[in-house]
Amino acid sequence: MLSAASYAVALAGFLGLAGATLLLWRDRPGAVALVAAALLTAGWAGEHVWLSLQLGDGAVVVGSGFWEVVRAGGWFVLLLALMARMHGHSRRGQRALRRWGVVLSGLLLLALVPLMGLGWGLEPFYGLVLLLLAITGLVLVEQTYRNTPEQERWSIKFLCLGVGGLFAFDLFLLADRVLFQAVETPTIQARGLANALVVPLLAISMQRQLPRDKAPVISRHLVFHTAALTGAGLYLLAVGLAGYLLRELGGDWGALLQAALLFGAALLLILVLFSGSFRARLRVLINKHFFNYKYDYREEWLRFTETLSREHDEQPLRQRGVGAIAELVDSPGGLLWVQDRQCDYRLEGVLNLGEPDHPPESGEGGLVPFLRQTGWVVDLDDLRRDPDLYPGLQPPAWLLENTRYWLLVPLLQGDDLTGFVVLAQPRTSRVIEWEERDLLKTAGRQLAVYVALMQTDEALLEARQFETFHRLAAFLVHDLKNVSGQLSLVLANAERHRDNPAFVANAFETVGHARERLDRTLAQLRHAQPGPAAPAQRVELAEVLRQVVDGARGEPRPELHLDQEVQVVADHDRLFNIVSHLVRNAQEATPADGRVTVRLSQRQEWGYIVIEDNGHGMDPLFMRDRLFRPFQTTKGNAGMGIGVYEAREYIAALGGRIDVESEPGSGTRFTVRLLARTAAAVSAPAAAVS
């Protein structure tokens, strides 16, 4: 009955885990594999319950049947699924997964051979094969954890501890079976409880898948690890004493409870020692009571700089920057906002906070000017409790509504705000004092330099792309000269050979060939830069829009709505090219029976040109990462991807801006904002647009 009760607990635990995964975490990575492994383990536990009830405790044997093998196979599949999610996209990872698949399949088939009734005298060898399965499981757990990026290990840490605990217990039992051909009955009986103890760890892992006097001259690491080891030693002494009392006073249940207690206590100790929250609490306690300052600034700065400058890292600089500044205050992650070319601030880096979809923060809003002027580190919990602590601060709604957001750290470069970081709540509750604030401010300034260098590198890359484009244009000019030479030759010989049919046929063939080459060249240069810039002048926007609409070709025909006349100072031809390009894009993105609308209006000192269509639209990822970048296009060979980029640059040079709103399947709206009347500088630069 003791075995039946022990394995019944395991049966109930794994059935509950499978049900909770299907109901609560079915959308988490690895959920299907975990459900399968949990159900197979439940089947294994159910078999042991049945054997115990029907034949008594003596019928329970380690590794005695089919369910023993498929249970191990279920956990192998789960670990391989985790490795595939992390590294299945690379060739090296795929090769490693194939090798693991071959090895594990061979071991499982070898373990199933004695169960097929084939005999062959393999029964003595069967226990050794099961022992190899347990060892292989431990190696696979270690490989899964070690090959997971450090910032993502927190989500699978408990799962690896739980599955590793299962295989470690199996290794202990099977080693006795192989070496001594027998296993103590209480240890076998406790196996069900040992398996049940890992269920909470697996559940936590699935839930995570969806973020003073003079200091003594002593190393902080030495104090930290000494305190941890001392505590672990005292804990093990207490567990040993409790186990002895259970064995002596527990009667028939004593040996079983002792084995379960020792396994559970060891599992709990490993869990605590690997817990980020425990380490954070212990570090805060030691720094508070043993040291004058909370931080070893030399060590913190070396670690911070090493994280930012790490080369060939799996994480991009934006995520590494968030992780480096979050690590200073034991935060698991955060968000990085960076200034774009329109002086707005956009979300460009996320670490351990899912995939938030927050709108851009305007450079003229209530948050950015406050951070730029004060340079304060804002405690969002204090701000939620008492907004008067930060006078003049007007944070966006999303920043206060999400209680996971904890600190707001400005990234200042001189007097300019390069961006800001929103940190997640720390692993353990802590109060932000002057020391943390000063450290975060300094780290923010250092991160601002790295972000500025990253933006400079991207600008240089764009300049190199333009240089490549100009070299390409030189080759195209060479082709045009060849075409011109062919046509000149035809004209030179036309007077003498115009009555020669062979010459006429050859001339038509030459003209046709030249036309084909010109069509290809024009298709590539359709959006190329025109000639020298013309001086800026007073331009009537209504007249420009009439010319664009009247000259538009193709379907659907654009509709023009003029609310009032608006004057701007700009170059007429370039402004005409900008609007023509945007209208042509709207027509190409809209079916013939769709609608393209061009509207002109004025609000205060700004004139607005709105070009709206109900075409196929653009997805947020394309608008964020590709729309305003040169040489990025959705037209294939029909476009060069510089029209919208050049349009934005020229409008920005005039003191205006271009805003875009679009949804896939719902159309697109481009809004061009320009300074009306004489507000624009007459000397505004005239960038080429096509």
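Two strands pair if DSSP finds at least two bridges between them. The strands themselves (E, at least two residues) and the helices (H or I, at least four) are DSSP runs, numbered from the N terminus. With that in hand, let us walk through this structure. It is a predicted model, in which local features need pLDDT of at least 70 and side-chain atom pairs count only at pLDDT 80 or more, while totals for chains, interfaces and linings use all residues. Residues are numbered from 1 along each chain as its sequence is written, and side-chain values use heavy atoms, with hydrogens and water left out.

Our tour can start with helix α1, which covers residues 2-24. Its 23 residues reach 33 Å from the first C-alpha to the last, close to the 33 Å expected at 1.5 Å a residue; the expected span is 1.5 Å times one less than the number of residues. Which residues of α1 are buried? Among them are Leu2, Tyr7, Phe14 and Leu17. Here buried means under 20% relative accessible area, exposed means over 50%, and partly exposed lies in between (1.4 Å probe, protein chains only). An α-helix has 3.6 residues a turn, so residues three or four places apart point the same way.

The largest cavity holds about 90 Å³. On a 1 Å grid over the protein atoms alone, a cavity is a set of points where a 1.4 Å probe fits but cannot get out, and lining residues have an atom within 4 Å of a point. Helices α3 (66-87), α5 (123-146) and α6 (153-180) each supply at least two residues of this lining, and α3 gives the most, with 4. The lining includes Glu68, Leu130, Phe167 and Arg191.

Now move along to the strands. Strand β1 (residues 334-339) pairs with β5 in the antiparallel sense over 5 bridges, and Trp337 stands opposite Phe420 in β5. On to β2: 6 bridges join β1 to β2, and these two strands run antiparallel. Leu335 has Val350 in β2 as its bridge partner. β1 and β2 form a hairpin with 5 residues between them, and Cys343 in the turn has a positive phi of about 65°. Strand β2 (residues 345-351) is largely enclosed by the rest of the structure, because 5 of its 7 residues are buried.

Strand β5 (residues 416-424) is mostly covered, with 8 of its 9 residues buried. Strand β4 (residues 405-413) is joined to β5 by 8 bridges, and the two run antiparallel. Leu407 stands opposite Leu423 in β5. Between β4 and β5 there are 2 residues, making a hairpin, and Gly414 in the turn has a positive phi of about 70°.

Our last stop is an open sheet of 5 strands in the order β7-β9-β10-β12-β11, with mixed pairing. β7 (559-562) and β11 (657-663) stand at the edges, each with a single partner strand, so one side of each has no neighbour in the sheet. Within this sheet, β10 (residues 606-613) and β12 (residues 667-675) run antiparallel and are joined by 8 bridges. Val610 stands opposite Thr671 in β12.

Methods
1 Å grid on protein atoms, 1.4 Å probe; cavity = no way out; pocket = protein on both sides within 12 Å on 5 of 7 lines; lining within 4 Å. Points joined across faces, edges and corners; volume = space filled by probe spheres on them.
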